[in-house]
Amino acid sequence: MFSLRAALQTSRVASRQALNVPRAAAVRTYAQAAPASTKPPVALFGLDGTYASALYTAAAKQSSLDNAAKALTQLSDIFKKDAKLATVLSAPSLTAEDKAAIVSELHKHVGADKTDTVKNFLTTLAENNRLGLLEGVCDKFATLIGAHKGEIELVVTSASPLDNKTLNRLETAISKSQYVGQGKKLKVVPKVNPDIKGGLVVEIGDRTIDLSVSSKLAKMNKLLTDAL
């Protein structure tokens, strides 16, 4: 498991100069306008979406999209294993040395990075006090890579985990619908949210089909309120 505390204790002397990534140069790398061939395949919103799009452009320029995708998948796995990591990365008390140590430790977990695209990107997040966005960036970068590969995310939210048989039935049914364009592939993303009480919330592209019990109860309450 990723041990941030150990990394900070053993790497306090690390500095931005040791990473050899000047701040101005790093920021320019992700701020330059991208040629059409490196433009992200879909528009994303939010600050994490902006950074994910910037990383996509930088990786595309270096012909290292696959490596970047693998690296961010590995980083995403770290967040799943260490529930406290997101809180640590968002701490306002992190010093420059702390951030450099974090970047160095995170980079150890991303495998080969011949172009240093991901390492430079992590440094840019650190220097702009945006390490707290990393988990969201990982999720949104996966969306970009999926779109690049012709995949469409099918997000299925349920009150409790669904078995593979149910998920496969949903995937088969929706893959034959008008919501999936020709030549596109569905990528099923199951999520659990007890607040929906029961039923399902299905999201595909910009469409949402709310079949949850909580939604039905809300509609029933509205009808009763209007009637009274």
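What volume does the largest cavity have, and which residues line the largest cavity?

Analyst: The largest cavity has a volume of about 40 Å³. This is a predicted model, in which local features need pLDDT of at least 70 and side-chain atom pairs count only at pLDDT 80 or more, while totals for chains, interfaces and linings use all residues. Residues are numbered from 1 along each chain as its sequence is written, and side-chain values use heavy atoms, with hydrogens and water left out.

The search was run on a 1 Å grid over the protein atoms alone; a cavity is a set of points where a 1.4 Å probe fits but cannot get out, a pocket is an open set with protein on both sides within 12 Å along at least five of seven lines, and lining residues have an atom within 4 Å of a point. Grid points are joined across faces, edges and corners, and a volume is the space filled by probe spheres set on the points. The structure holds one cavity of 30 Å³ or more.

The lining of the largest cavity consists of S64, N67, A68, A71, V110, A112, D113, T117 and V118. By class, five of these are nonpolar, three polar and one charged; Ala, Val, Leu, Ile, Met, Phe, Trp, Tyr, Cys and Pro count as nonpolar, Asp, Glu, Lys and Arg as charged, and the others, Gly among them, as polar. Helices α5 and α8 (117-127) each supply at least two of the lining residues, and α5 gives the most, with three. Helices (H or I, at least four residues) and strands (E, at least two) are DSSP runs, numbered from the N terminus.

On the α8 side, nine of the 11 residues are buried, so α8 is largely enclosed by the rest of the structure. Buried means under 20% relative accessible area, exposed over 50%, and partly exposed in between (1.4 Å probe, protein chains only). The buried residues of α8 are T117, V118, F121, L122, T123, T124, L125, A126 and E127. Among them, T117 and V118 also belong to the cavity lining. Just after α8, N129 takes a positive phi of about 55 degrees.

The loop between α7 and α8 holds D116. D116 has a positive phi of about 60 degrees although it is not a glycine, and it counts as partly exposed because its relative accessibility is 32%. A positive phi of about 75 degrees is also found at K197, again not a glycine. K197 sits in the loop between β2 and β3 and is exposed, at a relative accessible area of 58%.

Helix α7 is mostly covered, with nine of its 12 residues buried: D98, K99, A100, A101, I102, V103, E105, L106 and H107.

Helix α5 leads on to the open space. With α9 (134-148), β1 (151-158), β2 (185-192), β3 (199-204) and β4 (207-212), α5 (65-81) is one of the elements that each supply at least two residues to the lining of the largest pocket. About 1,100 Å³ of space lies in the largest pocket. Its lining counts 36 residues, with D139, A142, T143, E153 and V189 nearest the centre. Helix α9 provides the largest share, 10 residues. By class there are 16 nonpolar, six polar and 14 charged residues in the pocket lining. At least three lining residues come from each of domain 1 (47-147) and domain 2 (150-227); the domain bounds come from an automatic or database domain assignment.

Helix α4 (residues 46-61) contains S53, which counts as buried because its relative accessibility is 15%. Leaving aside neighbours within four places in sequence, S53 is in contact (heavy atoms within 4.5 Å) with P40, L44 and L144. Also in α4 is A58, buried at 8% relative accessible area.

As for the whole protein, there are 11 helices and four strands, and 39% of the 228 residues count as buried. Of contacts between residues at least 6 apart in sequence, 71% join residues at least 24 apart.
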